[in-house]
Amino acid sequence: MLTRDQISALIPHKGSMCLLEEVKFWDQIKILCVTTSHLSPENPLKRNGRLSALAGVEYGAQATAIHGALINDQEARPGMLAGLRDIVCHVKYIDENWPELQVKAVLELGMGERILYHFSLSADEKLLVAGRVAVALQ
């Protein structure tokens with residue numbers, strides 16, 4: 001539905017920091033994105049050549065930013081990650097040779113300037129990372 005260039009126009013993350021490559025589906029409550037950026041040697045989140053599962057939080061946060069812009073008529077509202085909850089990493093690294101990562105985000109609560117999403121990162125139907133992100137809009 002949306003390409004990497006279209007995604008990059010919606011969120012502040014540019015260049016290699018725009019980690020998600022395609023939006024497959026979205027509605028008013030949820031979004032599904034896919035990417036192969038975990039395989040790139042130039043992934044800016046890699047440390048010592050590896051991509052920690054904790055980087056999955058950034059993938060989830062970017063999905064929430066894209067979703068927020070889409071449900072607000074493609075108007076991104078500046079915001080900050082205000083909190084992380086219930087983060088569970090089922091693997092140590094997410095840069096294995098999975099052909100594609102799927103990133104889902106589901107809006108749980110949207111009250112004015114405060115938003116709460118549940119996100120999950122998976123590959124080949126295996127859950128890699130999941131949790132909740134709180135966003136404070138400016």
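**Notes on the predicted model**

1. Residues lining the largest pocket comprise 17 nonpolar, eight polar and two charged.

2. The volume of the largest pocket is about 530 Å³. Its lining is made up of 27 residues, and those nearest the centre are Ala65, Arg77, Gly79, Val135 and Leu137.

3. Two or more lining residues of the largest pocket come from each of helix H2 (56-71) and strands E4 (79-89), E5 (101-111), E6 (114-123) and E7 (126-137). Helix H2 is the element that contributes the most, with eight residues.

4. As to the overall fold, the protein contains two helices and seven strands. Read from the N terminus, the order of these elements is β-α-β-β-α-β-β-β-β. The radius of gyration is 14 Å, close to the 14 Å given by the globule rule for 138 residues, so the protein is as compact as a globular protein of that length.

5. Buried residues account for 43% of the 138 in the protein.

6. What do the aromatic rings contribute in terms of aromatic pairs? The structure has zero such pairs. A charge is, however, placed over a ring: Arg50 lies over the face of Tyr93, at 3.9 Å from the ring centre.

Definitions and conventions: Residues are numbered from 1 along each chain as its sequence is written. This is a predicted model: local features need pLDDT of at least 70, side-chain atom pairs count only at pLDDT 80 or more; totals for chains, interfaces and linings use all residues. Side-chain values use heavy atoms; hydrogens and water are left out. On a 1 Å grid over the protein atoms alone, a cavity is a set of points where a 1.4 Å probe fits but cannot get out, and a pocket is an open set with protein on both sides within 12 Å along at least five of seven lines; lining residues have an atom within 4 Å of a point. Grid points are joined across faces, edges and corners, and a volume is the space filled by probe spheres set on the points. Helices (H or I, at least four residues) and strands (E, at least two) are DSSP runs, numbered from the N terminus. Ala, Val, Leu, Ile, Met, Phe, Trp, Tyr, Cys and Pro count as nonpolar, Asp, Glu, Lys and Arg as charged, and the others, Gly among them, as polar. Rings of Phe, Tyr and Trp (its six-membered ring) pair if their centres lie within 6.5 Å; planes under 30 degrees apart count as stacked, over 60 as edge-to-face and the rest as tilted. A charge sits over a ring if NZ of Lys or CZ of Arg is within 6 Å of the ring centre and within 35 degrees of the ring normal. The radius of gyration is taken over C-alpha atoms; the globule rule is 2.2 Å times the number of residues to the power 0.38. Buried means under 20% relative accessible area, exposed over 50%, partly exposed in between (1.4 Å probe, protein chains only).
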